[in-house]
Amino acid sequence: MPLKPYREPRCGERAKIALHYLLPQLALTRAAGWLAERRWGGATRLMIQLFAGQYGVNWQEAAKGPSEFASFNEFFIRKLKDGARPVDADSDALCLPADGRVSEAGAAGGRRLIQAKGHFFTLDALLAGDEALADVFSDGLFLTTYLSPRDYHRVHMPCDGVLRKMIYVPGALFSVNPFLAEHIPNLFARNERVICIFDTDFGPVAQILVGATVTASISTVWAGVVNPPRSRTVRVWEYPAEGDSAVRLAKGAEMGAFRLGSTVINLFAPDKVALLPHLTAGAVTRMGGKMAVKTASESA
């Protein structure tokens with residue numbers, strides 16, 4: 001699908017963009033993290049109900065009701081009822097990792113990915129300058145999923161996988177809502193993020209959890225909370241493919257979570273999978289639904 005032409009922001013929109021450059025992002029995020037951990041009884045429950053009403057949270061699918069959460073963080077990473085998100089059973093298909101909307105999807109032209117109308121970013125920048133990893137995913141496919149504050153905030157595996165590397169990349173904490181994605185260059189490659197690389201039957205797969213303003217932490221099921229603490233340097237963890245220390249996760253299994261909404265980026269090596277054609281910018285995603293299928297050559 002061809003990109004719509006980039007539209008210059010209007011006067012009021014330019015002020016909104018400028019404000020996000022001026023905001024004390026880290027201080028706001030730390031404050032949000034502190035607030036989200038408070039257990040203030042009835043006051044906390046009232047704030048959760050007001051927040052949920054403002055954003056239209058669907059309580060019918062949540063495993064617990066609004067009065068059963070002791071803190072905002074418990075609410076943000078709420079679990080769903082059993083069966084609320086059936087996982088696609090096709091062994092030749094990958095499933096969507098998260099609830100949200102597609103920000104952009106398609107082919108990486110060489111090492112260049114679409115961020116939004118008129119904006120691109122590179123694999124090298126996204127992957128913190130790891131040229132070997134950028135080579136792996138060059139000319140492959142990508143899918144960027146935006147999680148809004150109303151969405152289920154746990155992130156799941158698109159297929160069976162063995163974790164081989166996790167990279168924490170320090171960075172900015174711009175909001176990642178669709179408006180700012182259209183107007184802040186290199187947004188996803190500038191923000192703090194956790195990069196997870198898996199060996200799978202579909203070739204190497206990257207699942208990247210991107211932080212944002214007031215996204216107070218990112219966690220994984222094997223490492224717990226990755227941030228905070230926040231370091232000023234890139235941190236890398238290597239994992240074995242075999243043995244007791246290997247991290248193996250099944251298709252549809254939980255792999256991480258956000259405290260508040262953010263963005264997940266999936267990368268696939270070239271000629272391994274084909275994304276479903278309806279997954280274009282703005283498409284609604286539900287964890288467990290079909291995302292991609294093996295290419296004919298891979299299936300053969």
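A: A residue counts as buried when its relative accessible area is under 20%, and as exposed when that area is over 50%. The model is predicted.

By that cut-off, Thr44, Ile48, Phe51 and Ala52 are buried in helix H3. Seen down the axis of H3, the buried residues fall within an arc of 95°, so they line one face of the helix. The face of H3 turned away from this buried side holds the exposed residues Leu50, Gly53 and Gln54. Helix H4, residues 72-76, is included in what covers the buried residues of H3.

Helix H3 runs over residues 42-55, which makes 14 residues. From the first C-alpha of H3 to the last, the helix reaches 20 Å, close to the 20 Å expected at 1.5 Å a residue. Just after H3 comes Gly56, with a positive phi of about 75°.

Positive phi values also turn up elsewhere in the chain. Most residues other than glycine have a negative phi. Asp139, which is not a glycine, has a positive phi near 65°. Asp139 sits in the loop between helix H6 (131-137) and strand E5 (141-146). Asp271 is another non-glycine residue with a positive phi, of about 65°. The loop that holds Asp271 lies between strand E15 (263-268) and strand E16 (273-275). With a relative accessible area of 61%, Asp271 is exposed, because the cut-off for that word is over 50%.

The largest nonpolar core has 28 residues, and Leu127, Phe137, Ile208, Ile265 and Leu267 touch the most other members. Leaving aside neighbours within four places in sequence, Phe137 is in contact with residues including Ala108, Leu123, Leu127, Ile197, Pro204 and Leu267. Apart from this core lies another, of 20 residues, among them Phe198, Leu209, Val226 and Val264.

The last stop is Val210, a residue of strand E9, which covers residues 205-210. Val210 is buried, because its relative accessibility is 0% and the cut-off is under 20%. Not counting residues up to four places away in sequence, Val210 touches Phe188, Asn191, Glu192, Arg193, Ile218, Phe258, Ser262, Thr263 and Ile265. One of these, Phe188, is 22 residues from Val210 in sequence, and the two are 6.8 Å apart in space, C-alpha to C-alpha.

Notes
Residues numbered from 1 in each chain as written. Predicted model: local features only at pLDDT ≥ 70, side-chain atom pairs only at ≥ 80, totals over all residues. Heavy atoms only, no water. Helix = DSSP H or I, 4+ residues; strand = E, 2+ residues; numbered from the N terminus. Expected span 1.5 Å × (residues − 1). Buried < 20%, exposed > 50% of the residue type's maximum accessible area, 1.4 Å probe, protein only. Arc of directions from axis to C-beta. Contact = heavy atoms within 4.5 Å. Core = buried A, V, L, I, M, F, W, Y, C linked by side-chain atoms within 4.5 Å.
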